[in-house]
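The following note sets out points on the structure shown below. Please read each point with the sequence and the coordinates at hand.

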Amino acid sequence: MKNILITGASRGIGRAIALALTDKDNRLILHGRDVAILTELSTAISDAGGESMAIVADLSNRDGINKLVDEIKQTRIDVLVNNAGIAEVKDIQETSDDEWDRTFSVNVTTPFMLTRACLPKMSRGSSIINILSIAALQGFSGWSSYCMSKFALNG
């Protein structure tokens, strides 16, 4: 059985990835910030014949990242999907230092730290997938912090 860790699994692309990978041969480790939504997703996966576990953590800070890492401490990871992300949509002059830092933390630092933490748990043939955006290749007006973070993760 493959253990697949998906960050940001409760909504959008992360949820779609989790549902697409629901299979009797996969155990999904679902990360999100909303207990109710993760519980509903876990139920949907179970109803479809899959197996999952949910971990609630705020990946915008080191405590949340460490909580997620502690939860998976003894688990082999076959696939890491760095999907969690945030976007501050506003002009750069309106973007606060805290918003800039939070965007960089979730979109760049968290994938780095999770990759580093998961590597010892991975074997040859394991995969790390970083979910990006067209914003990793092209800037957009009003999306400066998001584009910066996706450019950085792409690098």
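**Notes on the structure**

1. At a relative accessibility of 40%, Glu40 counts as partly exposed; this class lies between buried (under 20% relative accessible area) and exposed (over 50%), with a 1.4 Å probe and protein chains only. The model is predicted, and local features need pLDDT of at least 70, side-chain atom pairs count only at pLDDT 80 or more, and totals for chains, interfaces and linings use all residues. Residues are numbered from 1 along each chain as its sequence is written, and side-chain values use heavy atoms, with hydrogens and water left out.

2. Glu40 has a charged partner. Its side chain meets that of Arg15 in a salt bridge, at 2.9 Å from N to O; the term requires a side-chain nitrogen of Lys or Arg within 4 Å of a carboxyl oxygen of Asp or Glu. Arg15 belongs to helix H1 (residues 12-20) and Glu40 to helix H2 (residues 35-47), so the pair ties together parts that are 25 residues apart in sequence. Helices (H or I, at least four residues) and strands (E, at least two) are DSSP runs, numbered from the N terminus. Arg15 is partly exposed, at a relative accessible area of 22%.

3. How many salt bridges does a search of the whole structure find? The search finds seven. Among them is the pair of Asp78 and Arg76, whose side chains meet at 2.8 Å, N to O. Asp78 is buried, with a relative accessible area of 11%, whereas Arg76 is partly exposed at 37%.

4. Lys24 and Asp25 form another salt bridge, with their closest N and O atoms 3.6 Å apart. Lys24 is exposed, its relative accessible area being 62%, while Asp25 is partly exposed at 43%. Lys24 is found in the loop between H1 and S2. Leaving aside neighbours within four places in sequence, Lys24 is in contact with Met1 and Gly49; contact means heavy atoms within 4.5 Å. Leu68 is 44 residues from Lys24 in sequence and 24 Å from it in space, C-alpha to C-alpha.

5. Five strands make up an open sheet, in the order S3-S2-S1-S4-S5, with parallel pairing; two strands pair if DSSP finds at least two bridges between them. Its edges are strand S3 (51-56) and strand S5 (127-130), each of which pairs on one side only. Direction ignored, neighbouring strands are turned by 15° against each other on average.

6. Strand S2 (residues 26-32) and S3 run parallel and are joined by six bridges. Within this pairing, Gly32 has Val56 of S3 as its bridge partner. Helix H3 (residues 62-71) packs on the sheet and touches strand S1 (2-6), S2 and S3, its direction making about 150° with that of S3; such angles run from 0 to 180 degrees between N-to-C directions, with axes fitted to C-alpha atoms and, for helices, over the stretch in contact.

7. Strand S4 (residues 79-82) is covered on both faces: Val79 and Val81 on one side, and Leu80 and Asn82 on the other, are all buried. Three bridges join S4 to S1, which runs parallel to it, and Ile4 stands opposite Val79. Four bridges join S4 to S5, again in parallel; here Leu80 stands opposite Ile128.

8. Ser60 lies in the loop between S3 and H3 and counts as buried, at 18% relative accessibility. Its side chain makes a polar contact of 2.7 Å with the side chain of Asp58. A polar contact is a pair of N or O atoms within 3.5 Å; within protein, one must be able to donate a hydrogen and the other to accept it, and residues adjacent in sequence count only if both atoms are side-chain atoms. Apart from neighbours within four places in sequence, Ser60 is in contact with Arg102, Ser105 and Val106.

9. Not counting residues up to four places away in sequence, Lys150 touches Asn107, Ile131, Leu132, Ser133, Ala135 and Ala136.

10. Lys150 lies in helix H5 (residues 144-154). The buried residues of H5 are Ser145, Tyr146, Cys147, Met148, Ser149, Lys150 and Leu153, and they pack against helix H4 (97-118) and S5.
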